[in-house]
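Trainee: Hi, could you walk me through this structure? I'm new to it and have a few quick questions.

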Amino acid sequence: MNISKRLAMSHGAMALVMLVVVVLSSWLTDRINRDFQSFTTQTMPVVRSLENLRFAGLRIVSATAEYVLFVALVGQAESSSASEGDDGHAEGEGALVESGKALYLESLANYESLVREYFPDELPFVMAIREAGEALLATSDELMGIGTAVDTAELKELHESFESAERRYLAAIGAAIDHELVELSDHVEDVHGDVVASTYGTWF
């Protein structure tokens, strides 16, 4: 075999190798882009919805507690000026409770929509959060409707129920967030593996 044929075969083999490298790199780059797109349009919105749900629940809890406190102060106040001031604070906390409920309903609807579209196997998390959220809202309504002439034992029982509902609600959200973090960790490992494979395939 003469030198020209050997050079031609060598160049042909090199061109084939380069073609394989280009095709492989293109495929890996496309997969990385798809993975990143999935992360930004699916996983992150789910996490944001869960964080909004947690924030909404904490707002409802804190504002409900403040509302009950100010209502109690109104009932105990001796001067009309003090009563009017505390009553105004109670109205403000009541408005915060309502805004927390609105954020809860909006975030839950958004979370459920995302899960149904992208992660239907995670619907049990949606159901658990909804059940816990309904219990939290119901207990909040009970506390805010007790008025000033409430029995101490009844108030204590309602507070204990409210604290239990809060723990259950936050635990349900925590479980869903933990699941998303595990999924995110697996996703990052997959993308990292693709980047390494792409780099190795391109240069070696």
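Trainee: Is E131 buried, exposed or something in between, and what is the relative accessible area?

Mentor: E131 is partly exposed, with a relative accessible area of 46%. Here buried means under 20% relative accessible area, exposed means over 50%, and partly exposed is in between (1.4 Å probe, protein chains only). Keep in mind that this is a predicted model: local features need pLDDT of at least 70, side-chain atom pairs count only at pLDDT 80 or more, and totals for chains, interfaces and linings use all residues. Residues are numbered from 1 along each chain as its sequence is written, and side-chain values use heavy atoms, with hydrogens and water left out.

Trainee: Which residue does E131 form a salt bridge with?

Mentor: The partner of E131 is R168, and their closest N and O atoms are 3.6 Å apart. A salt bridge is a side-chain nitrogen of Lys or Arg within 4 Å of a carboxyl oxygen of Asp or Glu. E131 sits in helix α3 (residues 123-144) and R168 in helix α4 (residues 152-203), so this pair ties together parts that are 37 residues apart in sequence. R168 is partly exposed as well, at 44% relative accessible area.

Trainee: Why can side chains pair like that?

Mentor: Side chains of opposite charge can pair when their charged atoms come close.

Trainee: How many salt bridges are there in the whole structure?

Mentor: A search finds six. One of them joins R116 to E112, with the closest N and O atoms 2.9 Å apart. R116 and E112 are four residues apart in helix α2 (residues 80-118), about one helical turn.

Trainee: And is E112 buried or exposed?

Mentor: E112 counts as buried, at 15% relative accessibility, while R116 is partly exposed at 47%.

Trainee: Changing topic, how many helices and strands does the protein have?

Mentor: Four helices and zero strands, giving the pattern α-α-α-α along the sequence. Helices (H or I, at least four residues) and strands (E, at least two) are DSSP runs, numbered from the N terminus.

Trainee: Last one: what share of the residues is buried?

Mentor: Buried residues make up 33% of the 204 residues in the protein.
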